[in-house]
Amino acid sequence: MGNGIRDWPRLNRQCFENTKPGGWVEFIDLDLTWTSPDGSLTDEHSSKRFNNEFIKASRDTNIEPCPGLYLEGWMKDAGFQGVQAEKFVWPVGTWPKEKHLKEVGAWNYLQIMEGLEAFTYALFTRHLGYSKAEVEVICANIRKEMKDPKMHAMFYLHVAYGQKPESPVTS
C-alpha cells in the first residue's frame with residue numbers, strides 16, 4: 001500500500017476503532033530502500049540513485065515510502081496489544097540460492113520491470129521536474145542493471161500484527 005496511504009497512524013487508529021474487542025489486525029508492507037547483501041548495489045548505480053530520489057520525493061510530498069519500518073510502532077500507538085513484527089528479505093531477481101527466495105525474487109523482478117514507469121512518472125515529472133524522456137532513460141538504465149545476474153538487489157517486507165484488547169485498557 002506504501003505510497004497510497006498518506007496517514008498511517010490514522011489508518012492504524014481507524015483499524016483499532018473498527019475492530020471488535022479480541023479481534024486481530026495485520027499489516028504487511030515494505031521498506032523500499034534498495035540494498036544488497038554483498039555490496040553489488042552501490043550508490044554509483046542508477047537503480048540506487050533512483051531509489052534514493054524516489055524515497056526523498058515521496059517524503060517531500062508527505063508520503064512514507066517505507067512504512068514497513070514503522071508498522072509495529074504505529075500499531076502499538078493505536079492501542080493494539082501483543083504486537084509482533086517480522087522482517088523478510090524481498091529479493092529482486094533470481095539470484096538467491098534458496099528456492100523460495102528465488103521464486104519471490106522472480107515475481108518481484110517482474111512487477112518492478114512491468115510497473116517501473118507507472119510508479120515513476122508522476123513523482124519524477126510533477127515533483128522532481130524530470131521530463132518524460134529523462135524518466136524513460138532512468139527506467140532503461142534500471143532495467144539494464146537489474147538484468148545483470150551479478151546485481152543482488154533486495155529490500156525488506158515487514159509484517160506486524162496485534163490484537164485489540166478484550167476490554168478497554170485503563171491507565
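The expected span of a helix is taken here as 1.5 Å times one less than its number of residues, and helices (H or I, at least four residues) and strands (E, at least two) are DSSP runs numbered from the N terminus. The model is predicted, so that local features need pLDDT of at least 70 and side-chain atom pairs count only at pLDDT 80 or more, while totals for chains, interfaces and linings use all residues. Residues are numbered from 1 along each chain as its sequence is written, and side-chain values use heavy atoms, with hydrogens and water left out.

Helix H6 (residues 132-147) has 16 residues and reaches 23 Å from its first C-alpha to its last, close to the 22 Å expected. Its buried residues (under 20% relative accessible area with a 1.4 Å probe, protein chains only; exposed means over 50%, partly exposed in between) are Val135, Ile138, Cys139, Ile142, Glu145 and Met146. Seen down the axis of H6, these fall within an arc of 125 degrees, so they line one face of the helix, the arc being that of the directions from the helix axis to the C-beta atoms. On the other side of H6, Lys144 and Lys147 are exposed.

The buried residues of H6 pack against strand E1 and helices H2 (46-60), H4 (99-115) and H5 (121-127), where contact means heavy atoms within 4.5 Å. The largest nonpolar core, with 25 residues, has Ile142 and Met146 among those with the most contacts inside it; such a core is a set of buried Ala, Val, Leu, Ile, Met, Phe, Trp, Tyr and Cys residues joined through side-chain atoms within 4.5 Å. H6 gives the most to this core, with five residues.
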